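Dear colleague,

Please find below the structure that I am handing over to you. My notes on it come after the display.

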Amino acid sequence: MTAISLKSLTISYGGIPAVHDVSLEIGDGESFALVGESGSGKSTVLRAIAGLAPEWSGEISVLGAPRGHGPDRAFARTCQMVFQDPYGSLHPRKTVDSVLSEPLVVHGISERSGRVSEALEMVGLGQEFRFRFPHQLSGGQRQRVAIARALMLKPRIMLLDEPTSALDVSVQAEILNLLKRLRRDQGLTYLMVTHNLPVVAFMCDRMAVMNAGRVVETAPSSALRTGDFSDPYARHLYAASGGDEIAPKDGQ
Amino acid sequence: MTPLLEIDNLRVSFPTTQGRIEVVKGVSFTLGRERLGIVGESGSGKSMTGRAILRLIRSPGEVTAERMMFDGTDLLSRSERAMRPLRGARMSMIMQDPKFSLNPVMTVGAQIAEAVRAHETVPRRALANRVREMLEAVRINDPDRVARMYPHEVSGGMGQRVMIAMMLIPRPDLLIADEPTSALDVSVQAQVLDLIDELIVNNGMGLLLISHDLNLVARYCDRILVMNSGEVVESCAAADLHAATHPYTRGLLAAIPKINETRDVLPVLDRSAWSGT
Amino acid sequence: MSARDWLLDESPNSRMQANAGRFYRMGLALLRNPLAVLGALIILLLIATAVFAPWIAPESPVGQMLDRRLLPPSSANWMGTDELGRDIFSRVVYGARITLMIVALVAIIAAPLGLIIGAVAGYFGGWVDKLLMGFTDIFLSMPKLILALAFVAALGPGIENAIIAIAITAWPAYARIARAETITFRSSEFISAVKLVGASDARIIGLHVVPLCMSSMIVRVTLDMAGIILTAAGLGFLGLGAQPPLPEWGAMISRGRVFILDQWWVATMPGFAIILVSLGFCFLGDGLRDVLDPKQAGKS
């Protein structure tokens, strides 16, 4: 079964197309990466799936159900998103507790208190963090809260938009480990956007390389170990990300 | 030969509601005409060290040091007025994001020319030639056209090259580069760093490269200082980084995912493994 | 554990404690600013005077004693007497009630109105924004006092109509501020995150956007209070606000104008009151800006 299926997806911002004719199939339980540099349109694809970039044509279906153009409540329970900037993704005037309760209130779910403390535990935050404000948390702790918020509705698919690019390497390692563990424990499907190929090597099964709004190559992440890319841009990106130091250049 | 820069027991502190907090706690190093890297995570004090050398820490921040010498002159005793001819002309700094460092209402060429005019008087014709040469040196293909562009018309990579041109055109002796490529894409990063590297080596300048990226610093520097919460915890030759001894450095190195990653779990820094923090 | 420790606890145990702690920290920050403390004291004095007016004022504010008209300040009448022999001090004290009522009612009417219109315009953008802001600009383009005059002239003179007129002229500035604030974070990730959860637009505006506009709104309203008092006084001075014998400060000055050269105290005393209260609001507003400024909120 496919978790996310995109068929000839074209996305525009204010009438200007940013992504052209993208088709992808992401399997249930898979961890898939969209890789590219700034302006490649990788985040735009994620935002279109989430319902935050409504100007698209083509077809998006999630777990077999076609997706509408805006955010909707039923979709919210199957698919959630973690954002890039841990400093911008939490409301500055709300405590961790109210950030985590909000999805439950919106969906009329009871036993909020129990589920909030359960979620905190799941992302490795102690109960002492429950009533803190974002400014009392470090970047890594904020990102843990953001992950917990995305998990509150027990979704099956998580959209991850550069979840660790704003964090220090030592904190990045903690968050990557956490994301990996959560996927294993809860059988989640990940669609992750990143520019960092080593993170893909650690986290993902397959990847699509995007450049100038198009998918130029789809490859298993094992290709990162061998440098087995056919598209020139993908090879260039691979080499610039440190691939030139480890792979023998016999593939040319 | 006296070293270009001599720093002994540099301390930077800021007042908070809980009293003064030191963000740099006694950093000492010397720098010749070589490339020195300072690595650390956010809050390690690496950027504050760079700013303190240029005396860019504003009140209520406070800088003290036993010695802070640049090419035989004392930086600490200089007045703000006496610092000005040094800054830019003999010591330059490249900041993280060109978007915030370039004046949006001045053309690129005018800004680069301004960097020269602030320190010396050059005839107009010679100045224009020097700007063109500099833009060529930072590998901008069409220097005359780019010189007439405004900062918002150039890409991030080109913007950073313009910044480098602006900082190097007064021919300084020391360049401080604070995360010069963090705002750039990976494929552009290498170009920009190669360029800085080439200009430094050819002109026999000193470079202080401040970054959070261990691998990047190891690649472009001769020596490395690793900073953690305001202190230098490790000082080694770049080639020996992978034989680092301090648990913090080792932990950092291990926590970085590799492009040929096979580990299932990344080792996490155990912050209790060393004292001091 | 003392109350102070409970309030400053870095890991609170309840939402209530967390919020109480936040307000306590703001209070502490405000106390470090001497001018803000002075402003707050003046406002407290105004409120206390309004509440306890009957006990503070030695005489009735409307009781006429024609045999002691226009007496200079003395130990019996601290601020002298006016042309009808009324004790000016007593009138100024009772005037605090009217001033406070004007200020409070204008804030209650104008601030929420502007806040909601601005937040809705900023959040939706597009034609909603154009329509609401066009409407706002029409009001903004007219001089405040003239607009208020026109409304009072249409509604008829009187203190209630003066309040309504001032509120009508005051809200557009708040709508502009709320819109500008909203636009800065309308596409931020925390708003996107609530949208993705499936929250309705009304919920997002009411519970996520409006609270963030609150602080700049409070600052602005506080700073505007001085202007509101002056406008009310201006209307009173022109005879379109509070009607005699109500002891409204502006109206008192207006009456005292006739004798300003010979009996200076009649116009000056209520004038001092206006200046003092206006200054108080300005100082407090400045202090609040330092404490509540959203740009300061990220720092702990």
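The model is predicted, so local features need pLDDT of at least 70 and side-chain atom pairs count only at pLDDT 80 or more, while totals for chains, interfaces and linings use all residues. Residues are numbered from 1 along each chain as its sequence is written, and chains are lettered from A and ligands numbered from 1 in the order in which they are written.

In chain A, four strands form an open antiparallel sheet in the order E2-E1-E4-E5; strands (E, at least two residues) and helices (H or I, at least four) are DSSP runs numbered from the N terminus, and two strands pair if DSSP finds at least two bridges between them. Strand E2 (16-27) and strand E5 (65-66) of chain A are at the edges with a single partner strand each, so one side of each has no neighbour in the sheet. Eight antiparallel bridges join strand E1 (residues 2-13) of chain A to E2(A), and A:Leu9 stands opposite A:Val22 in E2(A).

The contact between the chains takes 24 residues from chain A and 20 residues from chain B, where contact means that C-beta atoms, placed from the backbone, lie within 7 Å. On the chain A side, H9(A) gives the most, with seven residues.

Chain B is divided into domain 1 (1-90 + 174-192 + 203-256) and domain 2 (99-171), with bounds from an automatic or database domain assignment. Their centres, taken over C-alpha atoms, are separated by 26 Å.

Yours sincerely

How values were computed: Contact = placed C-beta atoms within 7 Å.
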